[in-house]
Amino acid sequence: MVIGLGRFGTALALELARRGSEVLAIDHRPKIVQALAGQLTHVVTADATDLQALRELGVAEFHRAVVAIGGDLEASILTTSLLTELEVDDIWAKAVTHQHKRILERIGAHHIVLPESDMGERVAHLVSGRMLDYIEVDENFALVKTHPPRDIVGVPLGDTRLRSRHGVTVVSVKSVGEQFTYATADTVLQYGDVILVAGTIAEAERFAERR
Ligand code: ADP
């Protein structure tokens, strides 16, 4: 179930449907619901802060719900707490600020996403470095997409002592015009290859700065 069909909720609901999930999408604006009716099988107009309305929609039977209401703090908090009351197993909620996130955690949301802050932080890594992409997979661990620095080109990865020298591991490699494949100790990188490097945030970033 996806509640709130703004830009975030709509993209989420459409992608879930595209991937074959049964999705019930809810918004209190009839115009939005009408606009999406041709693209989603189950899309209804309802006020998610109304317990009775949620009951009538059979919300308690859903395993997973995403509260994608951002701007209206009151509606976001109230909806999330109703879902907890209805004992939905897995509640995801979108937060707009870190304070919002803390409130949603306290009232029982199981997962919180902060799309704008997270994306801002991610873009900061991209614009200030040479990375092609950057994903923080844990508090202090990242996966970086970059080009190999000069000193590891032409040498089997096993001989580069990357882990002891830089604390990072090359996980995958993509040569020009080919697909990504696993890197092994025998992999020899070329200029122009794209590599995925895993390591602590500091070490992965430092490695990606090398030329
Ligand atoms: P985005 O930034 O992703 O566009 P918004 O917070 O602007 O997100 O959009 C939230 C959506 O949630 C809007 O379409 C709004 O109509 C809907 N919404 C807000 N309050 C409720 C509510 N009480 N019940 C159902 N939908 C709601």
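**Surface patch, sheet and salt bridges**

M119, V123 and V127 make a nonpolar surface patch of about 280 Å². V127 belongs to helix α6 (residues 115-128) and is exposed, at 66% relative accessible area (buried is under 20%, exposed over 50%, partly exposed in between, with a 1.4 Å probe and protein chains only). The model is predicted, so local features need pLDDT of at least 70 and side-chain atom pairs count only at pLDDT 80 or more, while totals for chains, interfaces and linings use all residues. Residues are numbered from 1 along each chain, and side-chain values use heavy atoms, without hydrogens and water.

An open antiparallel sheet is formed by five strands in the order β7-β8-β11-β9-β10 (two strands pair if DSSP finds at least two bridges between them). Its edge strands, β7 (133-138) and β10 (181-182), each pair on one side only. Strands β8 (residues 141-146) and β11 (residues 194-200) are joined by six bridges; F141 has T200 as its bridge partner in β11.

Six salt bridges are counted (a side-chain nitrogen of Lys or Arg within 4 Å of a carboxyl oxygen of Asp or Glu). One of them joins R18 and E15 at 2.8 Å, N to O; both residues lie in helix α1 (residues 7-18), three residues apart. In another, R122 and D133 have their closest N and O atoms 2.5 Å apart. This pair links helix α6 to strand β7, across 11 residues. A salt bridge of 2.6 Å, N to O, is formed by R210 and D151. R210 lies in the segment after α8 and D151 in the loop between β8 and α7 (162-166), so the pair ties together parts 59 residues apart in sequence.

How values were computed. Patch = residues over 30% accessible without salt bridge, like charges linked within 9 Å, V, L, I, M, F, W, Y side chains within 5 Å. Areas by Shrake-Rupley, 256 points an atom, 1.4 Å probe, with all protein chains shown as cover. Helix = DSSP H or I, 4+ residues; strand = E, 2+ residues; numbered from the N terminus.
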